Amino acid sequence: MGTFLITGATSGIGRAVALRLAEEEHDVIGVGRDEARGEEIEAASARITFVACDLSQADEIETMMDGLKDQAITLDGLFNNAATFGRPGTPERLPASAFDDVFELNVLATNRLIQRAIPLLATGASVVNNAAIVGHVKFPPMLGPYAASKAAVIALTKTFAHRMKGKVRFNAVCFGPVDTPLSHKLYGGEAKFQEAMTHHFRGHAAKPDEVAPVVTFLLSEASSYINGQAITVDGGYTLS
Ligand SMILES: NC(=O)c1ccc[n+]([C@@H]2O[C@H](COP(=O)([O-])OP(=O)(O)OC[C@H]3O[C@@H](n4cnc5c(N)ncnc54)[C@H](OP(=O)(O)O)[C@@H]3O)[C@@H](O)[C@H]2O)c1
């Protein structure tokens with residue numbers, strides 16, 4: 001069985017992917033900042049090890065990856081999933097600084113992790129980057145920095161896929177709305193999110209468990225011929 005590094009494993013989609021990989025008897029290194037939720041995922045499966053790391057801090061990524069290297073860990077896959085949507089705002093008025101934290105975590109940390117993970121990745125390993133329909137097929141006017149960061153994640157995905165020539169595969173997933181703390185915050189609370197989702201193509205958003213299998217499939221050998229793609233998984237949301 002394999003070993004997978006999952007960022008943002010303490011909540012939402014990343015947590016669901018970590019638990020599913022563990023159920024499939026893989027070992028999971030789950031990254032996040034929240035120690036209490038880290039302990040909770042470790043308690044949920046003996047196969048999951050929580051590593052505390054603020055990915056927006058380059059030195060913390062270095063320390064974490066040095067630790068994996070020192071332990072001679074070989075990775076079969078990486079899921080770059082942690083992200084922030086930053087501060088929504090009118091694009092004509094957003095200060096340049098509104099891009100800083102969004103790009104630091106969503107793009108620069110993803111790039112840093114990929115660069116540091118490449119020497120640890122087994123031949124045939126798979127990297128999945130969590131992009132979004134936002135920045136791929138949908139561009140809400142108030143989410144400029146987030147959309148631009150997710151478009152950048154897709155460009156990075158394709159660049160690394162091209163560079164690695166199949167020795168390591170790189171794909172991006174572009175989810176529509178998923179029922180997680182991030183989307184609740186984006187909509188101004190869970191109740192407002194659930195109300196908005198009654199207008200979804202299928203009447204509700206995806207649950208993390210419903211989209212996690214797409215990621216575990218892309219991380220697995222079963223998807224060996226899929227490389228350099230940005231795959232939309234939105235339950236038909238962008239049709240309407
Ligand atoms: N939910 C949606 O509707 C939706 C749709 C499309 C794409 N996505 C994408 O899916 C991914 C996961 O989102 P989610 O909805 O599952 O969100 P979530 O439930 O809020 O989880 C976010 C995760 O990221 C971690 N994280 C945030 N900042 C971090 C940092 N600086 N360092 C380390 N970890 C950090 C959080 O861990 P800690 O709190 O422990 O730090 C948490 O585990 C994101 O890339 C998001 O853009 C979400």
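**Figure 1. The second largest pocket of this predicted model takes the largest share of its lining from strand 5**. Strand 5 gives 4 residues to this lining, and the elements that supply at least two residues each are strand 5 (121–130) and helix 8 (208–219). The space in the second largest pocket comes to about 160 Å³. Its lining is made up of 13 residues, and those closest to the centre of the pocket are Phe4, Asp76, Gly124, Leu219 and Glu221. Sorted by class, the lining of the second largest pocket holds 5 nonpolar, 5 polar and 3 charged residues.

Figure 2. Lined by 45 residues, the largest pocket has Ala83, Thr84, Thr180, Leu182 and Ser183 as the residues closest to its centre. Two or more residues of the lining come from each of helix 1 (12–23), strand 2 (27–32), helix 4 (100–117), helix 5 (144–164) and helix 6 (181–186). Of the elements that contribute to the lining of the largest pocket, helix 6 has the largest share, with 5 residues. The residues of this lining divide by class into 23 nonpolar, 14 polar and 8 charged.

**Figure 3. The ligand takes up the space of the largest pocket**. There are 31 residues around the ligand, and the ones that come nearest are Ser11, Arg33, Asn81, Tyr146 and Thr180. Helix 1, helix 5 and helix 6 each supply at least two residues of the shell around the ligand, and the largest share of that shell, 3 residues, belongs to helix 6. When the residues of the shell are sorted by class, 15 are nonpolar, 11 are polar and 5 are charged.

**Figure 4. The largest cavity has a volume of about 40 Å³**. The structure holds 2 cavities of 30 Å³ or more, and the largest cavity is lined by Thr7, Leu55, Asn80, Asn81, Ala82, Leu105, Ala109, Thr110 and Leu113. Helix 4 provides the largest share of this lining, 4 residues. By class, the lining of the largest cavity consists of 5 nonpolar and 4 polar residues, with no charged residues.

**Figure 5. The second largest cavity contains about 30 Å³ of space**. The residues that line the second largest cavity are Asn80, Asn81, Ala82, Ala83, Asn106, Thr110, Asn130, Lys150 and Val153. Helix 4 and helix 5 each supply at least two residues of this lining. The lining of the second largest cavity has 3 nonpolar, 5 polar and 1 charged residues. Asn81, which is one of the residues that line the second largest cavity, is also one of those that line the largest cavity, and it is among the residues that come nearest to the ligand.

Note on methods. Residues numbered from 1 in each chain as written. Predicted model: local features only at pLDDT ≥ 70, side-chain atom pairs only at ≥ 80, totals over all residues. Heavy atoms only, no water. 1 Å grid on protein atoms, 1.4 Å probe; cavity = no way out; pocket = protein on both sides within 12 Å on 5 of 7 lines; lining within 4 Å. Nonpolar A, V, L, I, M, F, W, Y, C, P; charged D, E, K, R; others polar. Points joined across faces, edges and corners; volume = space filled by probe spheres on them. Near = heavy atom within 4 Å. Sits in = over half its atoms within 2 Å of the grid points.
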